[in-house]
Amino acid sequence: MQKKAQNIFVRRTVFAAAATFLGTVFALPLVWFFFAPFNARAELGLAIPSPFTLSNFATVFQNTFAMQALLNSLIQAAGGVVLVGAAATLAAYALSRSPIPGKGAVTYILLLFSSVVSGSAAMVPIFLIISAAGLIDTHLAVILVFAGGLLPTAMFILRDFIDAIPRSYEESAMVAGASPLQAFFDVALPVIRPGIVVVVVWAFVNIWGSFLIPFILLRSDKLMPASVAIYSFYSEAGTPIVTLLAAYSLIYSLPVIALYLLVNWKFGFRFFGGIKS
Amino acid sequence: MASVEFQNISKSFGAFVAVPDISFQIADGEFICLLGPSGCGKTTSLRMIAGLETPSSGRVMIGGRDVTYLHPKDRGISMVFQDYALYPHMNIADNIAYPLKVRGEQETKRHARAKEVADVLKIGDLMKRLPSQISGGQQQRTSLARALVYPSEVYLFDEPLSNLDAKLRLEARGFLNHLQRDMGMTAVYVTHDQAEAMALATRIAVMDKGRIVQFAPPIEIYRRPATTFVANFVGNPPMNLVPVEASIGEGALHLRADGLQLAPIALTDAIAKAAKSGRMTLGVRPEHLRIAEPSDRNVVSGDLFANENMGPESLVTLERGDNGRVTARIFTDDEIKVGTSVHLSFDQKHITLFDDTGARIPAADER
Ligand SMILES: Nc1ncnc2c1ncn2[C@@H]1O[C@H](COP(=O)(O)OP(=O)(O)OP(=O)(O)O)[C@@H](O)[C@H]1O
Ligand SMILES: [Mg+2]
């Protein structure tokens with residue numbers, strides 16, 4: 001008995017040590033991420049700021065290009081999210097509810113292509129198309145390309161979500177006298193909403209963090225998003241100015257964190273099953 | 001209120017034929033029950049009246065108007081769904097009032113009306129809850145209330161009482177019966193509970209595999225079941241059916257089966273014709289059987305299988321060798337004392353004969 005208890009003790013200790021080590025490895029960069037912005041002499045190494053200072057932020061706020069970029073990111077992400085959210089909801093609803101033959105195949109093929117469209121392999125054709133459309137160096141170009149790339153996956157997620165919702169909800173609304181449009185807005189949409197929220201957050205994060213597409217499609221500084229502007233905190237020689245970079249990164253990540261918190265508070269994240277029980 | 005008519009309706013799902021071909025007419029103010037086993041096409045038929053399913057062929061008429069391709073909202077119907085279909089994000093009040101909302105009724109008015117109906121169904125104090133926060137029986141009553149909250153041409157009910165406990169079910173049944181008498185609603189009511197069908201319907205359509213086997217008033221279905229299927233479906237417990245060998249001798253019909261002792265039956269043309277195949281089915285309702293006296297001439301005997309006392313009545317079941325069981329429903333408060341072998345007797349006027357295809361042979365006093 002004694003032996004066995006000892007055995008368990010050793011095993012638990014080893015496990016706890018290993019878990020602590022792993023946790024630390026993942027946590028350290030985060031700790032740096034929250035400390036460095038407040039340290040006037042931040043380096044790549046981890047250090048507790050002394051004194052705590054906001055001077056890094058003051059310098060960053062004076063960089064008008066970087067500040068404008070945050071607004072641009074917001075415009076592009078919001079535009080993309082609205083487009084993806086609205087289009088994916090309508091398309092997924094139609095794909096789920098109407099008896100179109102081969103609708104499954106359509107979704108899969110689109111899904112397959114989407115990985116190409118938003119991937120770097122398609123950059124040249126995308127550039128040519130946008131150029132031919134005369135949209136180079138506009139927010140719209142970025143929004144459209146992102147929407148095109150994200151829509152199939154969004155549709156796929158939402159269609160699964162809607163498939164899980166009984167048709168009898170809308171049917172009972174229609175029997176009660178609602179037009180298909182009324183049934184959609186009064187009954188289907190509120191039930192689908194948790195799914196839309198998941199898709200919207202996912203699309204927002206995707207657009208917010210993307211570098212390549214805006215970098216290629218945009219020319220003028222005043223349209224560049226934050227993901228591109230972050231490079232203005234590199235010196236001419238290409239080395240990062242760690243203090244400013246850290247401060248800007250923190251600001252850059254705030255909207256995503258805020259969005260997550262907001263959504264979690266308002267809706268709660270749920271991935272499947274439209275019915276909250 | 002309006003009439004409903006099916007003209008040669010068929011419905012297939014891909015290669016599967018759910019409803020081969022049915023036609024019927026329901027007059028204004030009739031309360032029709034669709035009765036049949038699971039999967040026989042009751043819900044499918046109801047959904048075709050509602051417009052939620054388009055028939056593969058044939059026409060649906062409501063109030064003399066061809067509505068085959070009309071949207072559900074334009075048919076003037078209301079419906080209780082088998083799975084309730086309550087809107088999960090609306091509270092009970094909003095659920096019940098939704099049909100009034102789409103009709104443009106203002107909020108205070110429609111909530112007042114919803115409360116009225118809810119009170120009758122005893123869910124008036126749940127109005128602020130969400131559907132997920134009430135019991136299955138309460139959900140079912142909410143769904144019933146939503147269907148009754150506004151006046152419709154035709155009311156469609158898909159097993160609206162299936163989830164209620166016995167007492168509530170009787171109450172709701174009485175309420176529906178009262179409603180039907182009060183406002184003379186036209187209703188199509190799906191159930192597989194024969195007692196419910198008997199209690200509510202002005203006529204019952206007994207369905208089997210997508211066909212209507214018999215469409216008649218309850219008492220007719222009970223007294224003169226068209227086939228062994230109907231006989232076996234209606235009644236509680238259903239009619240006893242005993243396969244017998246039939247032969248004609250000395251100007252009368254003789255039926256033979258294990259444990260069966262039956263006086264010769266007077267011949268009619270129909271009986272003579274059916275007897276040619278040599279096989280028939282003898283039907284006797286449990287309530288027409290009694291414990292045999294020595295003088296009885298029509299007796300069925302076997303080993304005691306079960307003796308269930310239900311209060312005002314007892315169910316005594318005997319087993320005839322391996323030839324199936326016969327149940328008697330005996331009305332007595334006393335406990336019935338039977339030995340290991342049981343003899344049950346019946347009057348000849350209470351028997352029903354079916355030919356070898358299962359169709360009822362008309363009795364001598366008919367036509
Ligand atoms: N959408 C569908 N696709 C394929 N088959 C279907 C569909 N709807 C119904 N069926 C089939 O049609 C037949 C009749 O179904 P229906 O729902 O009308 O039965 P029901 O009489 O209402 O049964 P229950 O008493 O179990 O509700 C069943 O065999 C069912 O499997
Ligand atoms: Mg059904």
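Guide: In helix α1(B), the buried residues are Lys42(B), Thr44(B), Ser45(B), Leu46(B), Arg47(B), Met48(B), Ile49(B) and Ala50(B), where buried means under 20% relative accessible area, exposed means over 50% and partly exposed lies in between, with a 1.4 Å probe and protein chains only. The helix is thus mostly covered, with eight of its nine residues buried; helices here are DSSP runs of H or I with at least four residues, strands are E runs with at least two, and both are numbered from the N terminus. Just after α1(B), Gly51(B) adopts a positive phi of about 90 degrees.

This is a predicted model, in which local features need pLDDT of at least 70 and side-chain atom pairs count only at pLDDT 80 or more, whereas totals for chains, interfaces and linings use all residues. Residues are numbered from 1 along each chain as its sequence is written, chains are lettered from A and ligands numbered from 1 in the order in which they are written, and side-chain values use heavy atoms, with hydrogens and water left out.

On the side of chain B that touches chain A, the elements giving two or more residues are α1 (42-50), β6 (77-80) and α2 (92-102) of chain B. The largest share, four residues, comes from α2(B). By class, that side has 15 nonpolar, four polar and six charged residues, with Ala, Val, Leu, Ile, Met, Phe, Trp, Tyr, Cys and Pro counted as nonpolar, Asp, Glu, Lys and Arg as charged, and the others, Gly among them, as polar. In total, 25 residues from chain B and 20 residues from chain A take part in the contact, contact meaning heavy atoms within 4.5 Å. The two chains bury about 1,700 Å² between them, 64% of it on carbon and sulfur atoms; buried area is the accessible area, again with a 1.4 Å probe, that two parts lose on being put together, summed over both.

Within chain B, an automatic or database assignment sets the domain bounds, giving domain 1 (4-232) and domain 2 (238-354). Their centres, taken over C-alpha atoms, are separated by 38 Å, and seven residues of domain 1 of chain B are in contact with seven residues of domain 2 of chain B. These two domains bury about 660 Å² between them, 59% of it on carbon and sulfur atoms. Of the area that domain 1 of chain B buries against domain 2 of chain B, 65% is supplied by Tyr222(B), Thr228(B) and Ala231(B), more than any other three residues. Between the two domains of chain B the count is zero salt bridges.

Technical notes
Salt bridge = Lys/Arg side-chain N within 4 Å of Asp/Glu carboxyl O.
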